[in-house]
Amino acid sequence: MLGVSISIDGNRLVQNLNLRVASGEIVVFMGASGSGKSSFLSYLCGTLPPSLQGSGRIIIDGDDITSLPVHMRRIGLLFQDDLLFPHMSVGENLAFALRARTTKKNKEAIRKSVTLALQQADLAGFAERDPSSLSGGQKARVSVMRCLLAQPRVLLLDEPFSRLDIPLRKNFRKFVFRKVIEQRVPTILVTHDPADAQASGGKKFSMERLAIEKLPLGEK
Amino acid sequence: MKFAPPVTLLLFLVPVLCGVGAVLLPAVGYFPALDLYELSFAPIKTLLRTPHLTSSILFTMRSGFSATVISCAIVFAIFASFSGGGVIRSLRFMLAPLLSVPHAAVALGIGFLFAPSGWFIRIISPSITGFSEPPLWLINPDPYGILYILALVIKEVPFLFLIALAAQNADNSPKALITAQGFGYSRRAAFFHVVLPTLYQRMRLPIYAVLAFSLTNLEVAITLAPNRPPLFSRFLLDLYNAPNLIEQTIAASAAFIQILLVLIAIAIWRSAEILIHKVWRLMLMQKKIMQYNGTQKNTAQQKISSSTKYICAKATDISAGASGIAVCILGVLAISLLPIWSFAKVWRFPAAMPQEWSSNLWLEASSRILEPWGLSLLLALAASACALVLCALCLEQETRNKNNMTEKSLDKAIFLLYLPLVIPQTSFLFGIQILLFSIAVPVNLIILIWAHMIFVLPYIFISLGDNWRELDKRYKLTAQTLGYSDNRIMFRITIPILLKPLLTAFALGIAVSIALYAPTVLLGAGRFSTITSEAIALASGGDRRLVGAFALLQAITPCFFFVLALLIPHIVWRKRAFMAGYSYS
């Protein structure tokens, strides 16, 4: 990221942020609600509302994606809700992620990747299940797998743990972080929970600081 | 996709506005098709000399306002008494089916109930009345138009009730109601203080539409209203059907007066709104000042007033509930007479039930029935399908552009949607007819479908709009980040998830189109007949069994599509628990 700034009506939310996130690294942005976390993520996604002004370049593996539409950016996004498509089975939800970019992938290959993904999420045999019959933790894991199957080049996590209760949250957090490292995806986690930040073991920024400070380029 | 909103507006508003324009010019004497080019007030002057004009206008205003005021009063009383309770839910189940039944069918059924030889007289004859033959009240049986008002109330109460229910859910007012009750307000007081103001805001345009319809509709007016004085819409239709072409200019000026009439009625209604609001505020201030000055009534007086209050509250509860139930019962009775008549063979007065039954009518008249039914279905399916596609594309475009649109422009769009519901149908359709006549284009099926679509579209848009906008935007965002373009998302995510609301909106469109009378009659000029136009044409003096058959088809055809709209999502999504329960409407 080069010189990213976001402001609303002249009030700076993010001031000239320069940041590099390495593969498999998790960078954490902390902040209370209203501190601009969501705006920051939507700028990265390319869905910043016009009431906000954003500037700065976003570069992934040397490609400048700043002006690309959302669906071309190859950014993975996880919310606090699982957002599994309610009209598709668990398996269809996962296959949906695989069918997006590949035009002629054969059915067998898709089925295999779906089965593998379910195994990795401890959900073997769940392909035909209705998402609404799954527990909260199971849905959350399917959601992560769906996101990763699309092979995103950057992963954005928007408070993905805050809906789960504490014991579940710990396990799920571990699961997500393990996946991130396995797949070597650069990851940005946005949260208000210090425990999340602690567990990530990554670099931490507070949104309040971002609003005033200028962070040096090339910080790793 | 970008072109969807302008194209829709073009297809939808231009005919309405052209129709109004085309009716205004002949009204002031400019009618190129008849070689009349000079502005003159002769048509209006001739019109003003017509006998019964004033009494017709007054009668129209009186019955139109009565129907609207009564309908509103019943709906608001029901909500004031039972908001957030189970009564509302059970009333919803009883009233919702009535909404799908066309005005004409209800009006014909009411006729069967209350006519001199109708069912009510039959059940009390000869035991109470002593009548062994129908009484001869045929000459002006109902000078006050009570049946006309009754039929409208039976149809408008379900409409306003469901609109209010949707508005209430959108405003989250059940929660506001509980909060206010927590502050110590009674349920009724809480309703008037925190719910009604926002509820009314959302209901204003539908109420105007009801008012305009009550003032200008043809179907109920022809079936139930007395002939002398005629309701203005009927007066207009008679002029319109006059053989002399010159009379068309007089008809045009009558259409112009009808538009004025509706505008004046809405202005009166709006002034009443403002007045009531002001008085209400003043009363609240007065109360506060009294409290502040300590001029409270003494405890004895308070006790009396609180017990009177209690009795009043109970009384309004009971009357609100009773009127709601009465609307349901009358509606159901009226409609159930339709099949009875269509299967009656011998039904002499004063028997309460037919002596002999037969299905001969359906077999013998099948050719007479099938053709109009086919046209009704064709018009309904084509008009609803076009309107549904246009609405879906507009809503999709709106959600894509959501961020660029301000709330204000959306409000304006809503106002435009109600335009064809507020501008008198007869008037602008007459204008379109004049226009087509001027450019020598005969009315064909496409124009008729188009005309139906104009009336269907607002209902589909309103019904679909909330569901489309309420769909969690993050579904779309998720699919986008997975690499899907907007168009693919629309087909793979949005439409499947919204299947039920889409089908419900489609069924609503069918119901609206089946019920339409004015476009078929005014534009079709007798060359096209639907089950609605046939039923009404036969209403006066025709074979009651045939009328019953047509009206029955009118009532059950929309129901059939509503049932499909409920069943199809259940079957398609039978394995998806969330989808089965996925219903906003």
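A cavity is, on a 1 Å grid over the protein atoms alone, a set of points where a 1.4 Å probe fits but cannot get out, and lining residues have an atom within 4 Å of a point. Grid points are joined across faces, edges and corners, and a volume is the space filled by probe spheres set on the points.

The model is predicted: local features need pLDDT of at least 70, side-chain atom pairs count only at pLDDT 80 or more, and totals for chains, interfaces and linings use all residues. Residues are numbered from 1 along each chain as its sequence is written, chains are lettered from A in the order in which they are written, and side-chain values use heavy atoms, with hydrogens and water left out.

**Exercise 1.** State how many cavities of 30 Å³ or more the rule gives, and describe the lining of the largest cavity.

*Solution.* 
Step 1. The count is two cavities of 30 Å³ or more.
Step 2. The largest cavity holds about 50 Å³ of space.
Step 3. Its lining draws on both chains, including A:Asp81, A:Arg146, B:Thr478 and B:Leu482.
Step 4. α4(A) supplies the largest share of this lining, three residues; here helices (H or I, at least four residues) and strands (E, at least two) are DSSP runs, numbered from the N terminus.
Step 5. By class, five lining residues are nonpolar, two polar and three charged. Ala, Val, Leu, Ile, Met, Phe, Trp, Tyr, Cys and Pro count as nonpolar, Asp, Glu, Lys and Arg as charged, and the others, Gly among them, as polar.

**Exercise 2.** Describe the second largest cavity by volume and by the classes of its lining residues.

*Solution.* 
Step 1. Its volume is about 30 Å³.
Step 2. Among the residues that line it are B:Ser376, B:His452 and B:Thr532.
Step 3. The elements giving two or more residues to this lining are α15 (366–401) and α22 (499–515) of chain B.
Step 4. The lining has three nonpolar, five polar and no charged residues.

**Exercise 3.** Characterise the interface of chain A and chain B by its residues, buried area and salt bridges.

*Solution.* 
Step 1. Contact (heavy atoms within 4.5 Å) involves 29 residues from chain A and 25 residues from chain B.
Step 2. The buried area, which is the accessible area (1.4 Å probe) that two parts lose on being put together, summed over both, is about 2500 Å², and carbon and sulfur atoms give 64% of it.
Step 3. In chain A, the residues losing the most area to chain B are A:Pro86, A:His87 and A:Phe96, together 26% of what that side buries.
Step 4. Two salt bridges (a side-chain nitrogen of Lys or Arg within 4 Å of a carboxyl oxygen of Asp or Glu) cross the interface. One of them joins A:Glu92 and B:Arg576 at 3.8 Å, N to O.

Key:
On a 1 Å grid over the protein atoms alone, a cavity is a set of points where a 1.4 Å probe fits but cannot get out, and a pocket is an open set with protein on both sides within 12 Å along at least five of seven lines; lining residues have an atom within 4 Å of a point.
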